[in-house]
Structures are given as structure tokens and as C-alpha cells.
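Welcome! Take a moment to look at the sequence and the structure below, and then let us walk through them together.

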Amino acid sequence: MSQGRDAASGGGAGAPEEGPARGRPSAPPPASTASPRARPPRPPWDFGYAPVPTAAGDDDGGPLDLVVALRCAVTPGDLAGALSARWSAVEVERVIERPPIFWLRVRSPDRGRRAEVAAALSAAALPVRYVASARRPSAAVAPRFDAATGAAARPDGWTIRSASSEDDPVTPGRWFLRDEEGGIGVDRRRCGGGAGMRLGVIDDDAWAADELGLDREVLVMIEHPPRSQPHGSFMVAWAVGSRRPGGFRGVAPDASPRLYLIPKPGSCVLALPVAIVQAVSDGADVVVCAAYVEGSTTPMLDDALEFAARLGRRGRGCSVVFPTGREASSPPESLHASFSLGFGEPASDPRVFCVGPGARGDGWFLWRDRRGRSRPFANRGPAVRWLAPGDDITCPLPPASSAPPASSVLPASSAPPASSVLPASSAPPASSVLPASGAAPASSAAPESGAAPVSERLCHAESSGASALAAGVLLLVLSRNPALRLPELDALVRRTLAPVPPAAPASAEPIADPWDLLPDGRDRDGHSAKHGYGRVDAGRACLAAGDPLALALLLIGEDDAARAWHDARAADPLARGLYSRRLARWAVRVLLADPSLCHGVCALARHARLTAGDAVRRRAHGAGVILRQLSVLVRGLAASRQAPAPAPRVRDEVAALLDRLERSATDAAAVQAVESRFGELADAVFADAAERGARQGAA
């Protein structure tokens, strides 16, 4: 994302700080009690929270270039007729007519205020919702629309891909897929490849788009596809991949991508919301936008995000992913860069999944300047949701011999605008952006042990690439459980995140400015302004999405047991026959919605862990207790008031399962069979615990 004026190079531990912050005195302590450089302790949540001003000034009262949002369809001629008595040469263009969104664009060389336009339309009895600038941002919230008047979005001619059988190459630059080194933990055997899912990528440039195998390329408010920089192509490739077979495989290589190309920033603020509405209407399961969109919050964006959340993905809600960006500024009376995500920016909207970049190893992604000092590569703020890898990762496009010149390879959303170019002393060198600093040449990237030789270049993915990887994870999770609604998806990903230590690792030393790494703590709910709630973990999230017992095992920290249970369900007919995949997916949604029921299933998992491999412990709790607990839990599934409504087949299966359990309770042999089978499954799932118990028994 765009990088603004960076004054961090002049800062340091003793440099003047920004103005007074809540929670600490505004004046230094008396000289008799402290040295001149001493300062009160900073609260662990505090940092220099002052974003770059990105919003252009309001154009209200100038020549008309407006968006008129209506409550129902109105012809451009009717709108022009209502305004022509007051303004000359009125031009009206239909932008979107997709219930409940009806946008028309109005232009006239004559000046006028938006309130006057709204009054003229109301006087003509036209059902106007609001009037907003088509060129300038606004923090105004759009009046609510009636979602009941619009149909839920369904795929429109968007071809899906079937599951592939290719393996992911094992190379150094593909660490971001692995569970180690701060990767996202993709486990193809249990995560799949995202088959059946659809990804919409919104960007403003896409060199080498013909390498991607796109379902379609959609032009939004532009006439020709921009082909000067590869940023949009990177987003598609990292999330999904390039043209198959044999091409680069992204996080969800079996998902089907579409690319929505919008104008460069500065021309208007209308293209982004139009692209979101169009991608959601087309049937996207996930939408990611990593183009430069700072300073483009509008009532239309409010409409678009509400449309995605309420009508996207067949009414379940479409995920919209934005990066944190990396705007840097030095607040007044400070020598420290703030690297703050503005609370009014699109990425701070609560309906958006805001993703920051993680480092290879752990923590926040930091880059080395020419003097070898670490600096941030991303903004921080209250709205940051998750981290995903943003360090040196495999470049998914062809070698540099066929790429644009080095000066244009820097991703578009990372290129600083002309008005805020970094000083040469503090800007990252071109060699540290693409390819990454220290990357192996294309012909000499050494594969890991056992892997075939693979040519590989490395790129700094930054927050843009991190958002693409996070979008790929969401595709994998939804492919495991397509019934998840947007809040359920959010809850599931959050409950399976990998925690990120708040402090920078020792490998980051020396730090250019210690203030760059603030805040130095986490809130009680685990949130950090730098790391959000933690790093996305595809392996955990996919396991949890498809099975309630796997979810419970992951919640109590038993990842290996969750994998063992998943594998038992796949290989053991008895384990698979306990409940259908349909019931399992619905039960996951119930546990996410019902804390008491979730506690009960976790208690069952903890009991299994404590008794695995130990028949004495099992017998100590008495005969019939497992059957009783199972009956109570299944009864809770059937009666939970927080549970989403089950499909008829799920409801019938739950009723039949409950009947079987209740009948078994009256038969001593059946009770014993249930207890014995539960013990066998516990021993298999908690193999380590069983071996431990056997060793203790022998001793």
C-alpha cells in the first residue's frame, strides 16, 4: 500500500514523542526526581496513533458530479427532467440497478450543493435515499436499505473448478504454506484446494493476467485493462494460482478467480463500491481488494459492504478482505512515524477483514533499510483483524526477463503517490521489494531436501500479499463447510488463530526506531494493534470447519488429536457412521453460536484425553456416564435456541440419533458397547496419552 512521509529515521528511544496521550501525564516529571530524558511509562496499548490525512477536500457546491441513490428504479430521463429546470446540460448515467441498490450518476457544469439536488428530486416525488459526491470521500453513513427487496446473490455464469491432484512444490520461498516459520499451515490432505469456491480480486493493474487462468476479467468504469504492473496478478496467483497444469499453486489452487479492474486512485471514489457489488452479485464467495483505496470511504462503500454482508453468498454473507496498508507519517511535534491505519479508512470498516503482514519466523513483518535497521512494513490500529505471511515469498509470475522494467514492478498499491515520495535515505531499495533483498537468483533457488529443483524468485508480499493469502484461507475453510454464515466464519477463524508474541524477535535487531514497534502489549481479548488477534492457521480452521469434535479438540489445544479424529472419520467406517458430514457441518455452527453446548463438547474431549489408555480411570466414573453425556449433548443440539435452523434431513438425523441413544440407555449390553467404543476411539485419537498410560501402568 502507499507509503507516505517517513520521519522515523530521525527518531529513537530518546527523541521527542508525539503530543499527550491518554493514560500518561502531559508534562515531564520534575528535574529533581528524574533525568531530562526520563518519561512516564507508556500504557501497553498505546502508540503514535496519528494517520496520514488521505481524504481530499469536500467538493460540495462545485460543478455537479454526484451519485444519487434511490429506493427503487428510476429512469435516467426522469432524473434529468427533475434537475434540468435548475441546472443546465444535465447528464445522467445508470451505474447500478441491482435491488436494493439503485445508483445514478449526475453531471452538470453548473454549481450546486448536494442538499439542493436532493430537495429538487424530492420535490419531483422521486424516491431519493441520499446524494453523495462521485469524486470525493465522505464519512457519512448511507440510510438503511431494505434487504428484503433484493434477491440473495447467486453465481452468474461463473464456472467452478474441480479438485486437482497436483502436489505443492516444496521450496524455500513456499514457507508461507507450511506450519513452521510463521506460515499458514496448509495441509492439503485435510484442507483440500478450495474446489467449488469463487474468488473476486479487485485491483487497478494486472500485467501478465493471461498467466492466471481467470474465469473472466471484468472492467469496472474503465475501457481498457491496465497492463503496466503485476499487482493484481500477484493477488490472484498467491490466493489461487496461475494457469494450470504445472503453474504456480496458491493457497486455494482449485478455486475459480475473477479479476475486477478499476481505475487508478484519484479519478473517482465510485469504482470500488461498484466493483464490490458486481463481484458479490456475480457469486463471489470471497472478495479481496489490495489496490490503493485510502481516502475512498463513501456512502456508496457503506451500501456495497452492507450488500456483501447481507445478500452475498446466497444470503450467508460474502467475506471482503482488505490489507492494512503502510501509510507512514510523522505527527506534529513528533520525530516518530505513526504507521497508523486511519479509523475512517475502508480497511477499518467492521464488515471488512483487515489483514496485516507477518514475518517469516514470527511477529510483524519488518524490512531492513540501507543501514541494516528494521522498520515496519505495515500500518497498525484498532481495526487490524489477523496476520498472514508478508515476508519474502515465492514470486508467482514469470521470470524478470519478461517482466516490466524494475521501476514499474513495484506493486501498484505499494507505490507511494508523487506527493508523498519517501526520502531516498528511508525508502526501501528497489531490490528489497521485487525481488526481495537477499533472494536467490531465478536460476539458483535451492530446493529443500527431497524436492525437485525449482527456479524461484522471492517477493516482499507486504500487507497486499498477506490479504491475498488470508483470502485463500477463507476459500479453503468455506470449501470445508459452505453453510457457514459470515459471523460464523469470522468466529471460527478467530478461534483457530496462531497467537503472535507482542514483542519483536531478537532477529529484528537493530531497530531503526523503538517507537515503530509499539504497542508492546496485548489487550485482555488478545488483540494487538500490530497483530490483530493472531495469525491465520488454515490447517486448524479447516479441521474445525468440518467436524464438531475436531473443533472441540482444537479449542482445548489438541491439534494432533483433531487430525487423528479427522483421519479416523475418513478411514474407519464405524467412526464415519456416527454422524453424517451434513450433520457435522451444522453442529459446528451450533457450537460457534452456543457457548454452553460448546463447553459440554469440550468437556467430553477433555474427559477422553484424561482417560485415554487408562481403563482404571474409565471405570472409576461409573458405567453409563458416557452414554448419558452423549444423550444430553445431542438433546442440546436439538433444542438449542442459539442454533441455526437445521435442514430437514439434519433435523431427522438428530432425532434418530437421539432415539438410538435413549433406547441404548435401557440395555446394559448397549451401554457397555457405547462405553467400550468410546474408549477405543479415545485411545486412537489420544495415542500419545494412551502410550503414556501404558508406560505408567508398567511402572
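A salt bridge is a side-chain nitrogen of Lys or Arg within 4 Å of a carboxyl oxygen of Asp or Glu. Asp302 forms one with Arg351, and their closest N and O atoms are 2.6 Å apart. Before we go on, please keep in mind that this is a predicted model, where local features need pLDDT of at least 70 and side-chain atom pairs count only at pLDDT 80 or more, while totals for chains, interfaces and linings use all residues. Residues are numbered from 1 along each chain as its sequence is written, and side-chain values use heavy atoms, with hydrogens and water left out.

**Salt bridges**

Side chains of opposite charge can pair when their charged atoms come close. A search of the whole structure finds 42 salt bridges. Here are three of them.

| Pair | Closest N and O atoms |
|---|---|
| Asp302 and Arg351 | 2.6 Å |
| Arg351 and Asp349 | 2.8 Å |
| Arg188 and Asp168 | 2.6 Å |

Asp302 lies in helix H6 and Arg351 in the loop between E9 and E10, so this pair ties together parts that are 49 residues apart in sequence. Helices (H or I, at least four residues) and strands (E, at least two) are DSSP runs, numbered from the N terminus. How exposed are the partners? Buried means under 20% relative accessible area, exposed means over 50%, and partly exposed lies in between (1.4 Å probe, protein chains only). Asp302 counts as buried at 14%, and Asp349 is buried at 17%, whereas Arg351 is partly exposed at 22%. Elsewhere, Asp58, Asp59, Asp60, Arg113 and Arg114 are linked in a network of salt bridges.

**Helix H6**

Helix H6 covers residues 299–311. Of its 13 residues, 10 are buried, so the rest of the structure largely encloses this helix. Among the buried ones are Met300, Leu305 and Phe307. Which elements cover them? The cover includes strand E1 (63–70), strand E2 (91–98), helix H5 (271–282) and E9. After H6 comes Arg313, whose phi is positive, near 50 degrees.

**The sheet**

Next, find the open sheet: 7 strands in the order E6-E7-E5-E8-E9-E10-E13, with parallel pairing. Two strands pair if DSSP finds at least two bridges between them. At the edges are strand E6 (216–219) and strand E13 (386–389), each pairing on one side only. Strand E10 (residues 353–358) and E13 pair over 4 bridges, and Pro357 stands opposite Ala388 in E13. Helix H7 packs on this sheet, touching strand E5 (198–203), strand E8 (286–289), strand E9 (319–323), E10 and E13. Contact here means heavy atoms within 4.5 Å.

Arg385 is buried, with a relative accessible area of 12%. Residues touching Arg385 include Pro350, Phe353, Asp490 and His531.

**The cores**

A nonpolar core is a set of buried Ala, Val, Leu, Ile, Met, Phe, Trp, Tyr and Cys residues joined through side-chain atoms within 4.5 Å. The largest one has 109 residues, and those touching the most other members are Leu199, Trp238, Val251, Val477, Leu492, Leu553 and Trp565. Which helix gives this core its largest share? Helix H7 (residues 462–480) does, with 11 residues. Another core, of 49 residues, lies apart from it and has Ala275, Val280, Ala284 and Ala347 among its members.

Conventions:
Axes are lines fitted to C-alpha atoms, for helices over the stretch in contact, and angles run from 0 to 180 degrees between N-to-C directions. The expected span of a helix is 1.5 Å times one less than its number of residues. Lists of a residue's contacts leave out its neighbours within four places in sequence.
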